[in-house]
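Dear colleague,

I am handing over the structure below, and after it you will find what came out of going through it. Please read the notes with the structure open beside them.

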Amino acid sequence: PRGAARGADGVVTLAGVPVLDLAEKYGTPLFVIDEADFRSRCKDVIEAFGPSSRIHYASKAFLCTEIARWVADEGLSLDVCSGGELAIALNASFPPERIAMHGNNKSVAELEAGLAAGVGHIVLDSLIEIDRLNEVAGRAGVVQDVLVRVTVGVEAHTHEFISTAHEDQKFGFSLAGGKALDAVRRVFGADNLRLVGLHSHIGSQIFEVDGFELAAHRVIGLLRDVVSEFGVDKTAQISTIDLGGGLGISYVPTDNPPPLEELAAKLGAIVDSESAAVGLPRPTLAVEPGRAIAGPGTVTLYEVGTVKDVTLGSGATRRYVSVDGGMSDNIRTALYQAEYDVRLVSRDSEAGPVVARVVGKHCESGDVIIRDAWMPDDVAPGDLVAVAATGAYCYSMSSRYNQLTRPAVVAVRDGAARLILRRETVEDLLSLEVTQ
Ligand code: LLP
């Protein structure tokens, strides 16, 4: 987080709040969000892309009512991809016209909820969904603005599970075989839908700008095909080119994401020149960052419980440092071989560094948070450690595996801490039980 510092006593402070105070007051594991960091990253994206673009925060990265309020304050739009995310956005009184709905299998109930709320647009993902939404909108007596999600055939160089624009996957309409153009025709023919944009999302944790550039070229290529078939006047209602999320962040020092300004300038230039070339008014460029806004400003605070040296077959030893959370609050290492950085934050240490494996308390050996971390040799039970950049896809992908209860989430700002999601309790677990 931008607001992290080590005090003279060796204790790390986050936005001026010592981690010892946070752990004492709220317990561990604890997600601590540096509010100024989160807000400054909203501002950074707006500044990089400029006032004529539209920035959606992808709420799947992390959402709760407080976060939705920050996003609204900062002037961003909000992407939701489920009825639950929509409900939280509405609970925050997020301006509905700035909400966009995503998903490859939105239910009728979710579509109805979106229309009832008056969401700005819905991103359509299949022919079945085009017909379904047309019908739902007809019943509701509204004409709904929609985008068509295009699969542009770009292989983003990221983990297979989180790259989404190559052809063989469940999202969107392929350019290949004319599927995307078919979708455009179908929407143009639907009385209760108004096509206002094209959408592409090529993947997540991407470090190369060229994948986004290729996606931009291809989406605008589709626009060119639409112009050939329907003419400039009809095509001009397609006034948004949304290139999705995916900008990578730095989890460990070797991660080197491209600057926002570079991405914004290159994409802006493509949209400028290529829309002019097809004779269309310049569409609005939209992007949907989640991780780049929510990720860097949060740490997970854990208490060390046990330290064990295991002798390996080679005769070497491996140190296992167990913390009081694990794969239920951070599944990303187990799922994507993600890498994280960890620091001893409750005191200084003069001890030399040793390689340690930071593991959780779950009943399986895959419960690893960091495979190889340098930690002071004297890390011991009772120490607090912080894992950095856990703001995106950690709480939001959390589970109750082994009936662990979800951690609390605290926001820190100007030397003060505020609880924004309370810790789950055993009573919460028992409250689902029907058999008393
Ligand atoms: N827009 C769409 C349509 C998306 O599907 C996503 C992410 C985003 C925007 C935001 O992407 P971001 O800027 O956060 O990369 N659970 C995985 C990431 C899955 C991303 C899914 N879609 C992880 O933990 O790395």
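The shell around the ligand takes at least three residues from each of domain 1 (4–32 + 297–430) and domain 2 (50–294), where the domain bounds come from an automatic or database domain assignment. This is a predicted model, in which local features need pLDDT of at least 70 and side-chain atom pairs count only at pLDDT 80 or more, whereas totals for chains, interfaces and linings use all residues. Residues are numbered from 1 along each chain as its sequence is written.

Around the ligand there are 23 residues, of which Ala 58, Ser 204, Gly 245, Gly 290 and Tyr 393 come nearest; a residue is near a molecule or strand if its C-beta atom, placed from the backbone, lies within 6 Å of it. Helix H10 (291–294) and helix H11 (332–336) are the elements that give two or more residues to this shell, with helices (H or I, at least four residues) and strands (E, at least two) being DSSP runs numbered from the N terminus.

As for the two domains themselves, the C-alpha centres of domain 1 and domain 2 lie 34 Å apart. Their contact takes 15 residues from domain 1 and 15 residues from domain 2, two residues being in contact if their C-beta atoms, placed from the backbone, lie within 7 Å. On the side of domain 1 that touches domain 2, strand E20 (408–413) and strand E21 (416–421) are the elements that give two or more residues, and the residues of that side divide into 11 nonpolar, two polar and two charged.

Lys 60 is listed by UniProt, in an unreviewed entry, under "modified residue: N6-(pyridoxal phosphate)lysine"; UniProt positions are given in the numbering used here, feature names are shortened, and annotations may be inferred rather than shown by experiment. Lys 60 lies in the loop between strand E5 (54–58) and helix H3 (65–73), and it counts as buried because it has 23 C-beta neighbours inside 10 Å (buried means 20 or more other C-beta atoms within 10 Å of the residue's own, exposed 12 or fewer, and partly exposed in between, with C-beta atoms placed from the backbone). Leaving aside residues up to four places away in sequence, Lys 60 touches Cys 81, Gly 290 and Ser 396.

Definitions and conventions:
Nonpolar A, V, L, I, M, F, W, Y, C, P; charged D, E, K, R; others polar.
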